[in-house]
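I open a new page for this structure.

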Amino acid sequence: MALRGAFRTRCGLLSLLSQRLPHGNHVRGCVSPFLSTHRRNNSTAPKIKVDFDQTAGVSIMTLQNPPVNSLSLDFLTEFCSALEKLEMDKSCRGVILTSGQPKVFSAGLDIMEMYGKSPERCGEFWRAVQEMWLKLYSSNMVIIAAINGSSPAGGCLMSMTCDYRIMADNPRYSIGLNETQLGIVAPFWFKETMVNTVGHRTTEIALQLGQLYSPTEALDIGLVDKLVPEDQIITTATQTMTKWLAVPDHARQITKSMMRKPTIDKLMSKREPDIQNFVSFITKDPIQKSLGLYLAMLKKRKS
Ligand SMILES: CC/C=C\C/C=C\CCCC/C=C/C(=O)SCCNC(=O)CCNC(=O)[C@H](O)C(C)(C)COP(=O)(O)OP(=O)(O)OC[C@H]1O[C@@H](n2cnc3c(N)ncnc32)[C@H](O)[C@@H]1OP(=O)(O)O
């Protein structure tokens, strides 16, 4: 049933784009699903900047994958390696995640990684997405998200893995798991992360509608924990971190693990089937066509 529904993607994508185009800038005419070019960030510049304050034991990880911090395979690989290094460094007890790109925390999974790629490559990509989630969700460190821009889909997932979320109070920003609006389905571990964050009923509504929330709405449902003016986001995150690090590590870590272990164990025991499921879903022709349309529309709305 879920698959059949997801195949009705054209309508979902079009309605999403017309909903989110700013200032009446609607999609005009017919959009070709074929994308011959796409500006990619092939730069070898680091995609993650890590600033470690040794005295405080806190690192700020700045996501810098222009233009919108989409989660590509390269980005995820570099991110996981940077996080693993911090995890192994006993002097680092806390991480603040933020974006170096204007207006966007993360645009979520890089759609180009799911479009026109071989099943092998899609599988490799999905394993990296799982790895990012596993590393963040099970981290022993305190992780605080300083969400200084929009954070749809995979960007919202990344934020939800953190222990505390501070968002810039700007009504132009949005956050949520909007997958159904793209005609795709948030996997069970995305769903469970959201249930663990905002509860079952709110998740049921949010996921079926593919709802993107303004910062105020996100605060109302508990998807974020605090709103601050954008220029205060890092100082607030740093102050919040001090409070969290005042709790003895071992007690906080055991408590965190107790809360999250069932969800982590579930993905760990289903990793391979989850990859197969993703690959078989994403490589289907109707899903590919829809992703192509969506990408074309993302570009078209600029012109
Ligand atoms: C039964 C089921 C079993 C298994 C399930 C299987 C699979 C499904 C699971 C898949 C889960 C998916 C999770 C995801 O994260 S999908 C990605 C969803 N993301 C979005 O919808 C966001 C799209 N982007 C935006 O809304 C805006 O870009 C944003 C972030 C608000 C920023 O707006 P703005 O600053 O105006 O920037 P532009 O829109 O102009 O974008 C600039 C540039 O970036 C390109 N781009 C944007 N987002 C993405 C992306 N996610 N991936 C790749 N590229 C992206 C955009 O096209 C522009 O490109 P250009 O070349 O024109 O510069």
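What share of the contacts in the protein with a separation of 6 or more do residues 24 or more positions apart account for? I am working from a predicted model, and there I find 79%.

**Overall.** I noted 12 helices and eight strands in the protein. Of its 303 residues, 40% count as buried.

**Helix 3.** I looked up helix 3, residues 73–88, and checked its length. At 1.5 Å a residue its 16 residues should span 22 Å, and the end C-alpha atoms are 23 Å apart, which agrees.

Which residues of helix 3 are buried? I listed Phe75, Leu76, Phe79, Leu83 and Leu86. Viewed down the axis of helix 3, these buried residues fall within an arc of 95 degrees, so they line one face of the helix. I recalled the general rule: an α-helix has 3.6 residues a turn, so residues three or four places apart point the same way. On the other side of helix 3, I found Ser81 and Met88 exposed.

Next I asked what covers the buried residues of helix 3. The cover includes strand 1 (48–53), strand 2 (58–63), strand 3 (94–99) and helix 4 (119–137).

**Ligand.** I then turned to the 33 residues around the ligand, of which Ala107, Gly108, Leu109, Ala153 and Gly154 come nearest. Helix 1 (2–7), helix 11 (271–282) and helix 12 (285–300) are the elements that give two or more residues to this shell. Helix 11 gives the largest share, four residues. By type, I wrote down 20 nonpolar, seven polar and six charged residues in the shell around the ligand.

Key. Residues numbered from 1 in each chain as written. Predicted model: local features only at pLDDT ≥ 70, side-chain atom pairs only at ≥ 80, totals over all residues. Near = placed C-beta within 6 Å. Nonpolar A, V, L, I, M, F, W, Y, C, P; charged D, E, K, R; others polar. Expected span 1.5 Å × (residues − 1). Buried ≥ 20, exposed ≤ 12 C-beta atoms within 10 Å, placed from the backbone. Arc of directions from axis to C-beta. Contact = placed C-beta atoms within 7 Å.
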